[in-house]
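Here is a short walk through a two-chain model, written for someone who likes to know the cut-offs behind each term. Please keep the viewer open as you read.

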Amino acid sequence: MERLPKWADVALVPLISLLFAAVISALVILAIGKDPVEALNTMVTGALGSAYGWGYTLYYTTSFIFTGLAVTVAFHAGLFNIGGEGQAQLGGLGVALVCLAVPWPHWTVALLAASLGAAAFGAAWAAIPAYLQAKRGSHIVITTIMFNYIGAALIVYMLVDVLRPAGQMDPATANFPKETELPTLNHIPGLNLIFEKGVPANVTLFIALAAAVAVWALLWHTRLGYQIRAFGKSEPAARYAGINPFRIIMISMLISGALSGLMSINNVMGEAGRLVQNSSEGAGFIGIAVALMGRNHPIGVVLAAVLFGFLYQGGAELGLWTSIPIELRTVVQGLVILFTGALDQMVRMLLAWVFNFRAQPRAA
Amino acid sequence: MDYATLLQILDSTLRLGTPLLLACLAGLFSERAGIFDIGLEGKMLMSAMASGAVAALSGSVWIGLGAGICASLILAGIHGLASITFRGNQLISGVALNFIASGITVLVAQALFGQGGRTPPLQGAARFNPIDLPFAEALSSVPVLGPFYAEVLSGHSILVYAALAAVPASWWLLYRTRFGLRLRAVGENPAAVDTAGVSVVGLRFAAVAITGVLCGIAGAYMATALQAGFGREMTAGRGYIALAALIFAKWRPWSALGATMLFGFFQALALRPDVVEGVVGRKVPVSLLDALPYILTVLVLAGFVGKAIPPRAGGQPYVKER
């Protein structure tokens, strides 16, 4: 098969995949008797048409950058971490415990401590599947999925039986103290000129961008990053080069879990101000689509996270203003994963065929 | 725990173990042919919705079952296309199909019935109703075995017995037919099968299709026998539990029966907190019981039950030499 030019492989393959996913989604909308053009209009207006809409889009983007990076790091080590959802929820537990533990003097201190709590809890939840993969060869895909279910049950137990304040009906923690509230974009000098109304996007966005830079530096500019990538490309070769598989599996999964956990400073601390059930709302799963769409590179992940932020906020608008169920988001997410992750070869063959077709007359 | 309670729990074990058994056998065919299938969950969900919806519309559970199998086969076809024809990543394909199924089932059910993504409750001929095995009444007075026959084995829907019959049928197909030998060979060493002049692609598609049919029956059972209608996410991770049971069973049909019934037993226990408390002697949090089947799955995968060796060519696309 002809090799594609690099730019086509990097940019065109994801874009064509996205186009396929969009066309099929449009067909699905048509099939359930709705108007895809109207749906797209609603999504664009609601998510990108105003600073207010952007405030929500960027809020979701923040979460997806974290979970996308989490999947990316694991992918580079050849591991498929589907446990981002559970790790993010456990991260939320870490945030809640930290925020409620002591009276924090200022949000900056609280943010630092909560980030550590979130990362530690997320990493801990990834540690057991990682250990089982490294030592016992248990399939990490299935164990991380199981840990999503176990994590959800654990959170229910913690919220119902342990952390719920006396006299409160709904299973949630007490509200975090006022001092732990993170500044939202409309409270940041300079940005408040753009964001006039209150929006959920908050300072965590900048932490997410910093994390993207950190992951990029880690993977491509450190010895550890090289070992992770070498291990992911070929385990026997890495082993032969003296790379310890146990160490790489553990470290990359701990980093992955920590990144997933970190997303909860965005939603639990930055938005809700308390821990509720199912706090991550599927963001952990979106990370898979974001990582695949972003070609497992931090720049791609950030761009794909914006795209999925748009999709999420737009999907919510659909649920609000039209009778198209919000589950359309899940379908689009699945389609993007299918085309970018599993049918990418088909897209590539298609592109190669087009490129050959163009090159043919010149050759003859 | 007295004998009557035990019988009740074993009865639920068989009821809850059946979809796991069907899904596990489904995964067995696929993985024995070298195709990983994380998408059992999605196929079951898709079939549950299709069978629930069609049974509600047509009033016939058999037409519903057919629709469920067709829906499951469509997903199986896409999985085959992605993982066999285009040699894509089989894990990612399965995960993607699970998401698609999770969303599209609610979209379609909502568009058809407008009841918040469920299908209307089924009754009468639109459901698989319990059937009493012959002499269940007469034999129930026989000590120990009589009640077991009457309470546990009798009084299930036809699909439960079909699932049980599928175990020896799968064993026979895999170990006593030419097709089965080739299917197992294609999961271990596809190049050898290719050299012998047998189509690797054809065999793998056949395996994936069998997986689709069995998942379709499993999903239809969920919506038309175990429960009376489809509800969102009603499979609740059973597809993944079935995969774990498959590893536990070391990819063998008879062991699959044992493994899935063990998981069924734990699911049945989770429904009876009173019994668990009676046995343990203290109050157990409900969420721990809910998590029990999943925790057991992890323990099984952790290999505390002996080493499981998967089919050698599992998960690897076959590239024909040119």
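## Two helices side by side

Axes here are lines fitted to C-alpha atoms, for helices over the stretch in contact, and angles run from 0 to 180 degrees between N-to-C directions. Helices (H or I, at least four residues) and strands (E, at least two) are DSSP runs, numbered from the N terminus. Two packed helices are described by the angle between their axes and the distance between the axes. In this predicted model, helix H3 (residues 51–76) of chain A packs with helix H10 (residues 245–272) of chain A at an angle of about 170°, and their axes are 7 Å apart. H3(A) and H10(A) are therefore roughly antiparallel (angles under 35 degrees count as roughly parallel, over 145 as roughly antiparallel, 65 to 115 as roughly perpendicular and the rest as oblique).

Which residues make the contact? On the side of H3(A) they include A:Tyr59, A:Phe66 and A:Val73, and on the side of H10(A) they include A:Met253, A:Leu259 and A:Glu271. Two residues are in contact if their C-beta atoms, placed from the backbone, lie within 7 Å. Sorted by class, the contact of H3(A) with H10(A) has 11 nonpolar, eight polar and one charged residues. For these classes, Ala, Val, Leu, Ile, Met, Phe, Trp, Tyr, Cys and Pro count as nonpolar, Asp, Glu, Lys and Arg as charged, and the others, Gly among them, as polar.

## Ground rules and confidence

Residues are numbered from 1 along each chain as its sequence is written, while chains are lettered from A and ligands numbered from 1 in the order in which they are written. Because this is a predicted model, local features need pLDDT of at least 70 and side-chain atom pairs count only at pLDDT 80 or more, whereas totals for chains, interfaces and linings use all residues.

pLDDT is the predictor's confidence in each residue, from 0 to 100. Chain A averages 89, with 98% of the residues scoring at least 70; chain B has a mean of 88, and 98% of its residues reach 70 or more. For the complex, the predictor gives an ipTM of 0.88 and a pTM of 0.88.

## Buried residues of chain A

A:Ile65 lies in helix H3 of chain A. Is A:Ile65 buried or exposed? A:Ile65 is buried, with 34 other C-beta atoms within 10 Å. The terms work like this: a residue is buried if 20 or more other C-beta atoms lie within 10 Å of its own, exposed if 12 or fewer, and partly exposed in between, with C-beta atoms placed from the backbone. Setting aside neighbours within four places in sequence, A:Ile65 is in contact with A:Ala208, A:Ala211, A:Ala212, A:Val301, A:Val302 and A:Ala305. A:Ile65 and A:Ile299 are 234 residues apart in sequence, yet 9.9 Å apart from C-alpha to C-alpha.

A:Ser17, in helix H1 (residues 6–31) of chain A, also counts as buried, with 24 C-beta neighbours inside 10 Å. The C-alpha atoms of A:Ser17 and A:Thr340 are separated by 5.8 Å, although the two are 323 residues apart along the chain. Beyond residues up to four places away in sequence, A:Ser17 touches A:Val336, A:Phe339, A:Thr340, A:Asp344 and A:Val347.

## The largest nonpolar core

A nonpolar core is a set of buried Ala, Val, Leu, Ile, Met, Phe, Trp, Tyr and Cys residues joined through C-beta atoms within 7 Å. The largest one has 219 residues, of which B:Leu22, B:Cys24 and B:Ala245 touch the most other members. Helix H10 (residues 200–226) of chain B gives the most to this core, with 15 residues. Not counting residues up to four places away in sequence, B:Leu22 touches B:Ala163, B:Ala166, B:Leu214, B:Ile217, B:Ala218 and B:Tyr221.

## Where the chains meet

In the interface, 39 residues of chain B are in contact with 39 residues of chain A. On the side of chain B that touches chain A, helix H4 (90–113), helix H11 (238–248) and helix H14 (286–301) of chain B each supply at least two residues. H4(B) gives the most to this side, with 16 residues. The residues of this side divide into 26 nonpolar, 11 polar and two charged.

B:Ala302 is found in the segment after H14 of chain B and is partly exposed, with 17 other C-beta atoms within 10 Å. Apart from its neighbours within four places in sequence, B:Ala302 is in contact with A:Leu132, A:Arg136 and A:Ser138.
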